[in-house]
Amino acid sequence: QLQLVESGGGLVQPGGSLTLSCAGSGATLDGYAVGWFRQAPGKKREGVSCVSNDGKTFVANSVKGRFTISRDNAKNTIYLKIDNLQPEDTGVYYCAAQDSRVVLSFRICVADVIEYPDWGQGTQVTVSS
């Protein structure tokens, strides 16, 4: 029933910023943990940020300080703001959701969310001069 659609990617120069959106439909996201993942060619999909059902936010150490996750329950949307984009940020960004207990760490949040069974097509982020 729940569907997630990612948007907001594009081609950006190093140092630029993007805000990605993850729009839910078919169900409210209020009770879900939601995570953002990215995958570059030749690499495994990796979690980069996660927000719990009660609004706690987590980011991977590798992107801490540049990535900010937030949720707007009224819009049923989760955002990922990326600042100071670097070439290594290039990849396809996906969101996923899971009915969740309270989570207290990035690793636990990602572990719950990664079980999402209906991954979408993601949104492409390309960072290049």
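1. Helices and strands here are DSSP runs, numbered from the N terminus: helices are H or I with at least four residues, strands are E with at least two. This is a predicted model, in which local features need pLDDT of at least 70, side-chain atom pairs count only at pLDDT 80 or more, and totals for chains, interfaces and linings use all residues. Residues are numbered from 1 along each chain as its sequence is written, and side-chain values use heavy atoms, with hydrogens and water left out.

2. Now to the largest pocket, where two elements, β5 (46-51) and α1 (106-113), each supply at least two lining residues. The most comes from α1, with three residues. A pocket is an open set of points on a 1 Å grid over the protein atoms alone where a 1.4 Å probe fits, with protein on both sides within 12 Å along at least five of seven lines; lining residues have an atom within 4 Å of a point.

3. The space in this pocket is about 200 Å³, a volume being what is filled by probe spheres set on the points. Among its lining residues are Phe37, Arg45, Glu46, Phe106, Arg107 and Ile114. By class, the lining has six nonpolar, three polar and three charged residues (Asp, Glu, Lys and Arg count as charged, and Gly is among the polar ones).

4. Next, the open sheet: four strands run in the order β1-β3-β8-β7, with antiparallel pairing. Strands pair if DSSP finds at least two bridges between them. β1 (3-7) and β7 (67-72) are at the edges with a single partner strand each, so one side of each has no neighbour in the sheet.
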